[in-house]
Number of protein chains: 2
Amino acid sequence: MSLAPIARGAKTRAINKSKRRDHILACAGQIVIDKGYECLTLAEIAKSAGVTIPTIHNLLGKKSQIFDSLIEEMVTRLGIVLSHQPKGDPLLAMEAFLNEIIALFQTNEALYKAAFIAGEKTNQFDRTSQQGIFAKSLKLTTTICTDGQKNGYLHGHIKPAVLGQQIFGCHRLARQDWMQGHIGLQAYQTQVLLGTSILLYSDAASEFRQRLNKKIKEITK
Amino acid sequence: MSLAPIARGAKTRAINKSKRRDHILACAGQIVIDKGYECLTLAEIAKSAGVTIPTIHNLLGKKSQIFDSLIEEMVTRLGIVLSHQPKGDPLLAMEAFLNEIIALFQTNEALYKAAFIAGEKTNQFDRTSQQGIFAKSLKLTTTICTDGQKNGYLHGHIKPAVLGQQIFGCHRLARQDWMQGHIGLQAYQTQVLLGTSILLYSDAASEFRQRLNKKIKEITK
DNA sequence: AGAAAAATTTTATGTGCCATAAAATCTGTG
DNA sequence: CACAGATTTTATGGCACATAAAATTTTTCT
């Protein structure tokens with residue numbers, strides 16, 4: 001009995017496999033964009049990609065793993081946004097952060113929405129992981145509050161960590177509403193900005209407080 | 001050709017039908033309590049109720065309608081809580097409101113949780129209806145803020161309607177987290193209370209502000 | 001009581017979805 | 001260009017919801 005034969009052509013095959021995989025994923029993404037999340041069935045993907053269902057299983061694994069893959073890219077892009085350094089007073093920093101997120105979602109609203117829905121269903125957005133977008137977002141809002149205190153914008157009567165978490169909550173709630181189709185990106189933005197302003201207002205030093213009050217009035221007029 | 005025959009025994013039948021219906025619903029509820037939401041299949045209900053699947057369809061309609069029925073009672077009870085009149089300063093009123101909700105959910109946590117999940121999936125909690133728990137909750141938090149302003153607890157720099165909505169948001173977000181199993185009822189309560197206190201703090205008059213600050217410190221210590 | 005009428009339940013069946021084993025096909029390399 | 005191994009497909013199964021039509025039960029009326 002000889003040694004097991006060494007696999008030949010492994011590299012080429014791996015490259016091709018990856019290409020086929022990407023093609024199927026692209027089809028899956030397009031289906032979500034065109035027909036919505038609930039139409040993303042294996043049969044639909046198979047038809048669109050010109051393969052059979054078992055091929056999809058073979059290349060991408062279980063259906064939940066298709067979601068995983070779809071989400072992966074989204075998480076990466078979101079991660080980039082979340083690693084930007086905040087600048088200016090807390091309101092400006094929060095606004096910049098928010099605007100970047102909205103702008104990102106606008107590039108492909110349906111797909112991002114679907115990815116979030118899928119991520120929630122499959123518990124993809126590991127809330128406990130320090131690497132996850134959850135932790136990163138929270139860290140960002142908290143950092144802005146901490147800096148805001150250092151630079152005299154906030155009193156610190158309310159701990160920056162607490163304030164940051166509350167503001168992060170505004171983001172989460174608005175995103176939920178958006179994901180579930182109750183509001184659009186425009187309202188998403190407004191809703192978060194209002195909540196953020198009020199929360200900052202609760203701990204703002206006098207001068208900054210004026211600015212926030214003006215902002216709040218402007219939004220709610 | 002004579003007249004169509006008049007249905008006989010209609011009343012008795014209706015009563016019995018209702019009983020059978022209730023029995024099946026009770027079984028469905030028990031399944032949710034015992035085995036969780038995802039185990040609530042027609043086959044499971046049928047087995048537990050000692051009937052066949054088509055019988056369930058006959059008595060309760062489509063599966064989504066089973067949820068509707070399960071939710072109905074919950075919404076009624078929640079509606080009762082939501083129609084209680086708030087008393088005392090805004091913090092006390094908000095606390096009373098919150099405590100009633102938590103106490104209610106504690107009576108059968110699994111079932112309430114399942115009902116909320118189902119309600120969200122099937123869009124049961126008509127967000128637009130003035131009769132819905134959504135509108136009622138929002139109205140309650142807003143009323144507390146309005147009263148708080150009248151009685152000098154709040155400045156009114158932030159419109160009571162806006163503040164009420166933000167506080168309502170705290171409830172929604174915490175409930176989401178609870179529904180999705182990320183936090184328990186205890187944390188639910190704490191989270192809402194903290195958010196509420198901070199939001200009230202943002203517009204609180206001097207004396208009340210002290211009280212809120214103490215509360216916030218107490219929760220976040 | 002017992003037959004007729006109507007409601008109710010069940011049997012049988014269909015559809016849609018995800019999933020996998022085993023057979024058939026294709027691919028890259030020596 | 002043949003072969004080894006990777007890849008795809010055919011065939012099949014399981015599970016859940018749903019419904020038509022047959023069988024059964026219940027109620028009422030004589």
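Student: How many salt bridges are found across the interface of chain A and chain B?

Tutor: Four salt bridges are found there, each being a side-chain nitrogen of Lys or Arg within 4 Å of a carboxyl oxygen of Asp or Glu. In one of them the side chains of B:R172 and A:D177 meet at 2.8 Å, N to O.

Student: Which helices supply the side of chain A that touches chain B?

Tutor: At least two residues each come from α8 (160-179), α9 (185-203) and α10 (206-220) of chain A. The most come from α8(A), with nine residues. Helices here are DSSP runs (H or I, at least four residues), numbered from the N terminus.

Student: What is the division into nonpolar, polar and charged on that side of chain A?

Tutor: The side of chain A that touches chain B has 10 nonpolar, 12 polar and eight charged residues. Asp, Glu, Lys and Arg count as charged, Ala, Val, Leu, Ile, Met, Phe, Trp, Tyr, Cys and Pro as nonpolar, and the others, Gly among them, as polar.

Student: What should I know about the model itself?

Tutor: It is predicted: local features need pLDDT of at least 70 and side-chain atom pairs pLDDT 80 or more, while totals for chains, interfaces and linings use all residues. Residues are numbered from 1 along each chain as its sequence is written, chains are lettered from A and ligands numbered from 1 in the order written, and side-chain values use heavy atoms, without hydrogens and water.

Student: What area is buried between chain A and chain B?

Tutor: About 2,400 Å², with carbon and sulfur atoms giving 56%; this is the accessible area (1.4 Å probe) lost on putting the two parts together, summed over both. In contact (heavy atoms within 4.5 Å) are 30 residues of chain A and 30 residues of chain B.

Student: Now the rings. Why is the pair of A:F105 and A:Y188 tilted?

Tutor: Their centres are 6.2 Å apart and their planes at 50 degrees, so the pair is tilted. Rings of Phe, Tyr and Trp (its six-membered ring) pair with centres within 6.5 Å; planes under 30 degrees apart are stacked, over 60 edge-to-face, and the rest tilted.

Student: Where do A:F105 and A:Y188 lie?

Tutor: A:F105 is in helix α5 (residues 90-107) and A:Y188 in helix α9 of chain A, 83 residues apart. Both A:F105 and A:Y188 are buried, meaning under 20% relative accessible area (1.4 Å probe, protein chains only).

Student: Which residues form one aromatic cluster with them?

Tutor: The cluster comprises A:F105, A:Y112, A:F116, A:W178 and A:Y188.

Terms used. Buried < 20%, exposed > 50% of the residue type's maximum accessible area, 1.4 Å probe, protein only.
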